[in-house]
Amino acid sequence: MSEHPRDRFDLIPDAAAEAAFVDAQARGRLHHAWLLCGVEGSGKSTFAYRAARRLLGAAPNPARGPLGADPYDPVSRQIAAQSHPDLLVLERLVEGGKTKKSISVDQARDLPEFFSKSPSQAQYRVAIIDAADDLNLNAANALLKVLEEPPERGVLFLVTHAPGRLLATIRSRCRRLAFPVWPQHALEEMVRNRTGVSSAEASRIANMAGGSPGQALALASGATLEADQIAQDWVNADQVDRAEALAIADKFRGAEGQDRFETLMDRLIAAVKVRAIEEGASGAKWADLWTRLSELPDRTAAINLDRADVLAGALADLQRTKAARG
């Protein structure tokens with residue numbers, strides 16, 4: 001399991017974005033709402049927590065970047081423990097081992113009450129919405145009311161993977177910071193430094209990550225690499241090992257089983273996509289398979305399908321695709 005963004009202290013998502021934020025604060029021009037834009041895993045949430053530490057009074061540590069802080073600072077420890085009274089985080093709730101599909105209006109209504117109070121320990125009160133894309137329409141409207149009347153000594157960070165899906169009235173009231181994808185060599189270096197894997201393994205992980213440092217860190221976990229290898233074997237082998245597939249599916253029960261299922265499906269979808277690209281003009285059937293598989297995780301969660309049955313169906317579809325090419 002990769003570490004949560006609130007626990008990352010040595011990853012600098014984008015030095016230019018951090019410098020812009022530090023400069024705005026130093027010049028007394030700190031905007032009340034920041035829209036953090038970029039592909040999923042590009043470091044936006046990590047930035048939000050780094051900026052929150054700074055605003056909530058954690059002692060700066062320049063060795064860890066423009067917004068660096070010591071993980072043992074009391075403020076850092078409170079944020080890591082999710083106990084700082086001046087920080088509110090809105091994200092999709094987990095109930096019964098399942099993550100809800102959206103951030104509800106009831107959650108968003110916590111914002112006005114939160115910002116109506118004066119900071120209790122720091123100079124600011126800070127809210128992180130991760131991700132703003134997950135707000136349902138009523139929740140988005142509740143957020144808009146807060147943005148229309150900016151809270152005194154309050155700062156919001158809105159993480160978004162698809163800013164175009166947000167209300168234009170929300171976007172227009174925020175200062176935008178863009179987080180670009182990372183180049184291959186930077187991802188390789190980060191993975192090597194943080195995990196100690198070989199250069200060859202770091203290159204493999206960086207290639208899979210698609211420019212996303214968050215994805216690279218997730219992929220660097222042993223479980224994800226194992227899932228990726230299984231998926232590649234299934235895509236490239238003449239026949240899927242049925243006994244192996246049954247043994248894997250048997251571990252899909254419970255919350256941990258859901259994580260295993262989602263990780264394996266993610267890597268299987270990625271492996272099929274790579275195969276479709278490699279096949280070029282003759283890869284239409286692989287492209288069709290990729291489209292079908294891409295819909296499965298959301299459908300499984302939405303109507304509570306049996307994960308083992310979903311995997312069995314996906315592998316049968318994979319085998320038919322191979323046979324159709326033969």
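Helices here are DSSP runs of H or I with at least four residues, numbered from the N terminus. The model is a predicted one. In it, helix α11 covers residues 222-236, and threonine 224 is found in this helix.

Threonine 224 has a relative accessibility of 12%. Buried means under 20% relative accessible area, so threonine 224 counts as buried. Leaving aside residues up to four places away in sequence, threonine 224 touches Ala218, Leu219, Thr263 and Arg267.

Helix α13 runs over residues 254-279. The length of α13 can be checked against its number of residues. At 1.5 Å a residue, the 26 residues of α13 should span 38 Å. After α13 comes glycine 280, and the phi of glycine 280 is positive, near 65°.

The next topic is empty space. Rolling a probe the size of a water molecule over the atoms shows where such space is left. The second largest pocket holds about 290 Å³ of space. This pocket is lined by 13 residues, and the closest to its centre are Val240, Arg242, Ala245, Ala312 and Leu315.

Which helices each supply at least two residues of the lining of the second largest pocket? They are α12, residues 242-249, and α15, residues 307-325. Helix α15 gives the most to this lining, with 6 residues. By type, the lining of the second largest pocket divides into 9 nonpolar, 2 polar and 2 charged residues.

How values were computed. Residues numbered from 1 in each chain as written. Predicted model: local features only at pLDDT ≥ 70, side-chain atom pairs only at ≥ 80, totals over all residues. Heavy atoms only, no water. Expected span 1.5 Å × (residues − 1). 1 Å grid on protein atoms, 1.4 Å probe; cavity = no way out; pocket = protein on both sides within 12 Å on 5 of 7 lines; lining within 4 Å. Points joined across faces, edges and corners; volume = space filled by probe spheres on them. Nonpolar A, V, L, I, M, F, W, Y, C, P; charged D, E, K, R; others polar. Buried < 20%, exposed > 50% of the residue type's maximum accessible area, 1.4 Å probe, protein only. Contact = heavy atoms within 4.5 Å.
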